[in-house]
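Please consider the sequence and the structure together while reading.

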Amino acid sequence: MRVVSGIQPTGKPHLGNYLGAIVNYVKLQDEAHAAGGECFIFLADLHAISQPHDPAELTRNTREMVATLVACGVDPAKTVLFNQAQVPAHAELQWLLNGTARMGWLNRMTQWKDKAGKNREGQSVALFTYPVLQAADVLLYQATHVPVGEDQKQHLELARDIAQKFNNDFCTDDAPLFTLPEPYIPPAAARIMSLRDGTAKMSKSDPSDMSRISLTDDADTIIKKVKKAKTDPEPLPDNEKELEGRAEAQNLVGIYAAIAGKSVERVLGEFGGQGFGAFKPALGQLLVDTLAPINARFLELKDDQEALDAILARGASQAREAGRDTLDATYRALGLVR
Ligand code: TYM
């Protein structure tokens, strides 16, 4: 079992990142550790330069993201925790895979289409080739499980296509080089939506801070954001079917279920027939109880730059070692003399 996943150190991590991905980093880290497998979690800082950014902010966010992940339960004693920029093999393998990835495949990526919008010509080359780097990230470590939210599923399918084509083109049938990675997507929290618009994904780039709950929000802010979350005037139904077509209600009930570790049916069993006046304070309190210990631990860790850099340096050295054989084998398979 090889668990591999990444998160961009841009902006503040939010509830979508937490429920969609980070909770599963911790779960799979523990499962891999117990089964004698390995877990690699990295900060995708090389991905972060694909869009306009402030270098000083990227440095600060990178350290803060390490503190956040550790505060959430990612344990550097069980997980190789590092940033891509300290492991040149990610960028090297991307170049080697650029010969295999097809323009048409990248042109179909919905995230490229969404982010580029009508201004494709004005985008960085990195934004377009970004999914090839993402493929390199997981193929380098022969990942089996990749914990991600729903929005990364297409990128993982691309990673599988690249791996498959490379294996077909450059390897014999009995000795494929790359393992095909499987996305690991939580059914209940695959796509946490904005608190202001139940049809838009909760995202770091949404201009409204009220649209998301950041993992570092204090209790008052969390309660306020939940109270102001968009809803409809109807009471909650007592079964899941009747939630359909009520995007905001569905999202809030889904968040409650994911955090409480209960099914949506069970949550509706408790709150069916009641209005949001009763449900929102319960949800707010549940979020505060879950996030307060994370926030407290984050505040303890975030200013100890030396300790955070030491975690990254140790993780990077382990990651460089772990990726070496696959990178060497890729050069060899392509006939590159070194
Ligand atoms: P990023 O930094 O946008 O998000 C990190 C993780 O959080 C998940 N996520 C969500 N899940 C549910 N609901 C939401 N509203 C929500 N918003 C974000 C994402 O699916 C992701 O799992 N390209 C990636 C980073 C990356 C990566 C990789 C991931 C680079 N290389 C290799 C996996 C494997 C990204 O930008 O994630």
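The sections below treat the ligand site, the cysteines and the aromatic ring pairs of this predicted model.

## Ligand surroundings

The shell around the ligand comprises 28 residues, of which Gln8, Tyr130, Asp137, Asp151 and Ile192 come nearest. Sorted by class, this shell holds 12 nonpolar, 11 polar and 5 charged residues.

A polar side-chain atom of Lys204 lies 3.1 Å from a ligand oxygen. With Gln8, by contrast, a backbone N or O atom is involved, at 2.9 Å from an oxygen atom of the ligand. The ligand taken alone exposes 710 Å², and the protein buries 96% of that area. Two or more residues of the shell are supplied by each of the elements β1 (2-7), α1 (15-34) and α7 (125-139).

## Cysteines

The count of disulfides in the model is 0. For Cys72, the nearest cysteine sulfur belongs to Cys39 and is 14 Å away, and Cys72 is in no disulfide.

Cys72 is buried, at a relative accessible area of 12%. Cys171 is buried as well, with a value of 16%.

## Aromatic pairs

The model contains 10 aromatic pairs. One of them is the stacked pair of Phe40 and Tyr141, with 4.6 Å from centre to centre and 15 degrees between the planes. This pair joins distant parts of the chain: Phe40 belongs to strand β2 (residues 38-43), whereas Tyr141 sits in the loop between α7 and β4 (145-147), 101 residues apart. Phe40 and Tyr141 are both buried. Ring pairs also connect these two residues with Phe42 and Phe82 in a cluster.

A further pair, Phe166 and Phe170, is tilted, with 4.9 Å between the centres and 50 degrees between the planes. Both residues lie in helix α8 (residues 153-170), 4 residues apart, which is about one turn of the helix. The limits applied here are under 20% for buried and over 50% for exposed, with partly exposed in between.

Key:
Residues are numbered from 1 along each chain as its sequence is written. This is a predicted model: local features need pLDDT of at least 70, side-chain atom pairs count only at pLDDT 80 or more; totals for chains, interfaces and linings use all residues. Side-chain values use heavy atoms; hydrogens and water are left out. A residue is near a molecule or strand if one of its heavy atoms lies within 4 Å of it. A polar contact is a pair of N or O atoms within 3.5 Å; within protein, one must be able to donate a hydrogen and the other to accept it, and residues adjacent in sequence count only if both atoms are side-chain atoms. Accessible areas come from the Shrake-Rupley method with a 1.4 Å probe; for residues, only the protein chains shown count as cover. Ala, Val, Leu, Ile, Met, Phe, Trp, Tyr, Cys and Pro count as nonpolar, Asp, Glu, Lys and Arg as charged, and the others, Gly among them, as polar. A disulfide is a pair of cysteine sulfur atoms within 2.5 Å. Buried means under 20% relative accessible area, exposed over 50%, partly exposed in between (1.4 Å probe, protein chains only). Rings of Phe, Tyr and Trp (its six-membered ring) pair if their centres lie within 6.5 Å; planes under 30 degrees apart count as stacked, over 60 as edge-to-face and the rest as tilted.
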